[in-house]
Amino acid sequence: MQEREIRARFRQGDPDAVRSVYRSHGRLVYAVAYKVLGDRSLAEEATQQAFVKAWRAAQSFDENRELGPWLAAIARRVAIDVYRREAVRAADPLDSVPAGEPGLVSTPQSAEAAYDVWEVRQAVAQLPADEQEVVRLQHLEGFTHAQIAERLGVAVGTVKSRSFRAHKRLTTLLGHLRE
Amino acid sequence: MSASDNDRISYLSGEPVTSLTAQERAELDELRTLLETPAAWVQPDPGLEDLVVSAVAREAEAERASGVARGAEADRATAPHEAAPPVRRRFSLGALWRRRPVIALGGLATAAAAIVVALVIALNANSSKPLQFAMVVSGTPLAPAARGSGTLTKTESGWRVELKVTGLPHLANGRYYQAWLKNSAGILVPIGTFNDAQNVTLWSGAPVTQFRTFTVTRQLANGNPTSSGQRVLVGIAHPVH
């Protein structure tokens, strides 16, 4: 199915289109939920709820718009709801909680960065697989170029050039986040 | 590209760069922080796709069963609010006391009794209702026809997991199913083995409030009790409100 056809069928409420939309956007929805909740199980729950809500609201979706940002907004809202529910469930009786208790804040601070994570994830997805892996090992795992070279079995110079190309692309794609 | 742009990229890619100002470094560090956040890299469980599709299919089924189309609900949601109910005439309690002291006292006593009864009933209802989770389970590519549901109920003995699944073949002759619960750190707890999933009761000593991911693997009775990794069924337990 083409992207436009998927959007149209999703908008019509076709459940089969849900699988296609999940394959194209599910990881991004999950990333937003995970950023807000910081827990894999809760993020999976929020992802399910987000898709159900999106499907229910699909008829009001303008098919000329991109699905991604719309789904991101739904995922963020759902994740905040899950966060609030879990905060209530885990809370002590209110009388015993100090007024400054962070748990009383109704929205997780990480929700603010949820859209940034969405953009980073989209940008990284546009890199070739070998460059993605170098960026992941460098930033997520904290490896040096030499360690990455050893891990991947390539020359350090190759890692450096892949890293430079990848970050050049990322600064172009994500430059607006610094503005 | 200016030398400054090259320096920025080099800094981001982990090269030692001394020409950048503190402000430039701070800006680039924000981007580095985003790239370092696990959410930018975390991958969902492969079974989540089936869970999402199942959740929407269940919603569609419920919609068909209720006969209420989403459009109708959307119309309701966007329609002007219904006219407010007629405002009830307010009685002055003081005037009532003055005019009908006996009736007023009787009425208050009746109302107070009703409130007490309602509170007792509500408290009893809450205290007798066990903590319960529910889940929809879906087959993985190893068992695409499998689907079903489960309820997970907290008891004095532990969590009772009642599972009803269709589309999962009967296993025998040294082959069996093993059910697991997993927490967010990925720790697996075995909760029982079985041959047929149509109607199974399993027990978990680990709290479902923390171990919410349910999986079933195909196992071989070969003396190795660890997970075979051959997952046939996945689900996530949600609290029942």
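Reply: The expected span of a helix is 1.5 Å times one less than its number of residues; helices are DSSP runs of H or I, at least four residues, numbered from the N terminus. This is a predicted model: local features need pLDDT of at least 70, side-chain atom pairs pLDDT 80 or more, and totals for chains, interfaces and linings use all residues. Residues count from 1 along each chain as written, chains are lettered from A and ligands numbered from 1 in written order, and side-chain values use heavy atoms, without hydrogens or water.

Start with H2(B), residues 22-36. Its 15 residues should span 21 Å, and its end C-alpha atoms lie 20 Å apart, which agrees. Glu24(B), Leu28(B), Leu31(B), Leu34(B) and Leu35(B) are its buried residues (under 20% relative accessible area, 1.4 Å probe, protein chains only).

Now chain A. Glu45(A) sits in H3(A), residues 40-56. Glu45(A) is buried, with a relative accessible area of 1%. Beyond neighbours within four places in sequence, Glu45(A) contacts Arg85(A), Arg212(B), Ile236(B) and His238(B) (heavy atoms within 4.5 Å).

H2(A), residues 15-37, meets H5(A), residues 114-125. Their axes come within 9 Å and cross at roughly 145° (lines fitted to C-alpha atoms over the stretch in contact; angles run from 0 to 180 degrees between N-to-C directions). Residues in this contact include Val32(A) of H2(A) and Trp118(A) of H5(A).

How values were computed:
Helices (H or I, at least four residues) and strands (E, at least two) are DSSP runs, numbered from the N terminus. Buried means under 20% relative accessible area, exposed over 50%, partly exposed in between (1.4 Å probe, protein chains only).
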